[in-house]
Amino acid sequence: MFGAASDKMDPEKLKSLQIEPSRKRARRHAAWVIFALVLGMTAAALYLAVPRPEDKVRIFQAGGTAPSVSANSMDRGPTGAASPANSSTDDAVVLTVSGYIINRERIELSPRFLGVVKWIGVKKGDTVTNGQVVVLLDDTEQRARVREAEAAVAAAKVAVAKAELDYQRVAELAQRDVESRKAYDDARLALEAARAQLQQAEAALELAKVYLDWTVIRSPIDGVVLERLVEPNELVVPQSFGGTRGPSTALIALADPKDLQVEVDLNEADLSKVYLGQPCRISPEAYPDKVYDGYVAEIAPEANRQKGTLQVKVQIRAPDKYLTPELSARVDFLKK
C-alpha cells in the first residue's frame, strides 16, 4: 500500500534533518550575550536617569560644550526680579529657618471707666491716623458731673467773696480797737478756708472734664484696625471681672503695618549661629520671589524646655503690602 510505504522513511534523510549539537550550543550562547547586553544597557540608563546630590552641574554636548549651569546660579533680588547670584551670597547664609510674620506691637484700646459704647466709627481693616476719634462712650453721667462741679466752683467763689468782705470789716474795726484780736483771726482764717474750698472745687471740675474727655477714644498711632471687639450699646469696663461672660475689656485692636517682625523658634543646636543685630534676608512663603532685608532685633532671655527652642524676632526693615501678619516666611541668617 502507498500509505504503508510512506510511513517508513529513509534513515539517511532523517539524519540530514537533525541539528548538530555544536550549532545548538552556539545559538544558545548568542541568546545569552544579547540578553546580557540589553540588561546592561537598561541598568546604565537607570543609573544616569536617577538624580544624585553631587550632580550639581549638567553639561550638554551638541557640536560643542554648552556653558555649565548651576542650580544656584540665579537668585532673586529685592524687587522680585531674578538676578545672577554671587558665590559669596550663597556662602553668606549660615542658617535658614521658617517663622511667622507678626506685628511688633499690638495695641488694644480699653476704656478708663465703666461705660456703654455709644458709637464706633471703624471696622476691621480700616486705616486710622494718630488722634483720630474711633469710639465714643455714653457721656451723660460725665456731663452731669461737669455741671455739678461748675456749680460747686461758683458757690466756692461766692463764699470767698463773702469771707473777703467779712475780713475787711473786722480788720478795720480791729484797727480802731472795736473788735478783738480773736475776731480778726477768725475772719482771716475763714477767708483762707473759703479760698481752699474754691481750689478744691476747681480741681473737681478739672477731674470731671477729664472723665468727659475719656469718653472720646482716639487712636494713639498711625496704623490699621486688626479687630473690632465691641458693638454699639455694649457695656465695657477697664479690666476683667475674672469670668468669661463678663463685659468686654477692649474696644479695638490696632497695629502699625510698617512695623513688622518675623518670629521664629530657633533650635538650641543653632544658637551659636545667631546674635543681636545680625543681618537677615526674609522671603514670605506666599510670595517667594519677594526678598526683604532685616536684622535680629530680639532674642528671648528664656528657652522653651519642652520644645528645646529659643524664640528670636527678626525686624523687617521696609515691609510692604505683600507682608501679611500671621503668614509664614523664610529667614536666612547671614554672616556679618
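## N103, at the end of a strand

N103 lies in strand β5, which covers residues 93-103. Strands here are DSSP runs of E with at least two residues, and helices are runs of H or I with at least four, both numbered from the N terminus. This is a predicted model, in which local features need pLDDT of at least 70, side-chain atom pairs count only at pLDDT 80 or more, and totals for chains, interfaces and linings use all residues. Residues are numbered from 1 along each chain as its sequence is written, and side-chain values use heavy atoms, with hydrogens and water left out.

Is N103 buried or exposed? N103 counts as buried because its relative accessibility is 16%. Buried means under 20% relative accessible area, exposed means over 50%, and partly exposed is in between (1.4 Å probe, protein chains only). Leaving aside neighbours within four places in sequence, N103 is in contact with L226, A255, D256, D259, L260 and P325. Contact means heavy atoms within 4.5 Å. Look at D259 in that list. N103 and D259 are 156 residues apart along the chain, yet their C-alpha atoms are separated by 6.3 Å.

Follow the strands from β15 onward. Strand β15 (residues 279-284) runs antiparallel to strand β16 (residues 292-299), and four bridges join them. Two strands pair if DSSP finds at least two bridges between them. In this pair, I282 stands opposite Y292 of β16.

Strand β16 also runs antiparallel to strand β17 (residues 309-316), with five bridges. Here I299 stands opposite V312 of β17. In a regular strand the side chains alternate between the two faces of the sheet.

## Two buried polar residues

S283 has its place in strand β15. S283 counts as buried because its relative accessibility is 3%. Which backbone oxygens lie by its side chain? A polar atom of the S283 side chain lies 3.2 Å from the backbone oxygen of P288. The backbone oxygen of K290 lies 3.1 Å from a polar atom of that side chain. Not counting residues up to four places away in sequence, S283 touches P288, K290, A329 and R330.

Q315 lies in strand β17. Q315 is buried too, because its relative accessibility is 9%. Its side chain makes a polar contact with the side chain of Q261 at 2.8 Å. A polar contact is a pair of N or O atoms within 3.5 Å; within protein, one must be able to donate a hydrogen and the other to accept it, and residues adjacent in sequence count only if both atoms are side-chain atoms. The side chain of Q315 also reaches the backbone oxygen of L260 at 3.3 Å. Beyond four places in sequence, Q315 touches R104, D259, L260, Q261, D293, G294, Y295 and A297.

## Salt bridges

How many salt bridges does the structure hold? There are 19. A salt bridge is a side-chain nitrogen of Lys or Arg within 4 Å of a carboxyl oxygen of Asp or Glu. Side chains of opposite charge can pair when their charged atoms come close. One of the salt bridges links E105 with R104, their closest N and O atoms being 3.6 Å apart. E105 counts as partly exposed because its relative accessibility is 42%. R104 is partly exposed as well, because its value is 38%.

Now turn to helix α6, residues 181-214. D185 and R181 both lie there, four residues apart, about one turn of the helix. Their side chains meet in a salt bridge (3.9 Å, N to O). D185 is partly exposed because its relative accessible area is 23%. R181 counts as exposed because it reaches 60%.

D186 and K182 repeat the spacing: both are in helix α6, four residues apart, about one turn of the helix. Their side chains meet in a salt bridge at 3.0 Å, N to O. D186 is partly exposed because its relative accessibility is 39%. K182 counts as exposed because its value is 58%. Salt bridges that share partners join R181, D185, R188 and E192 into one network.

## A nonpolar surface patch

W32, F35 and L39 form a nonpolar patch on the surface, with about 390 Å² of accessible area together. Patches are made of residues with over 30% relative accessible area and no salt bridge; like charges are joined within 9 Å, and nonpolar side chains (Val, Leu, Ile, Met, Phe, Trp, Tyr) within 5 Å. Accessible areas come from the Shrake-Rupley method with a 1.4 Å probe; for residues, only the protein chains shown count as cover. F35 has its place in helix α3, residues 21-49.
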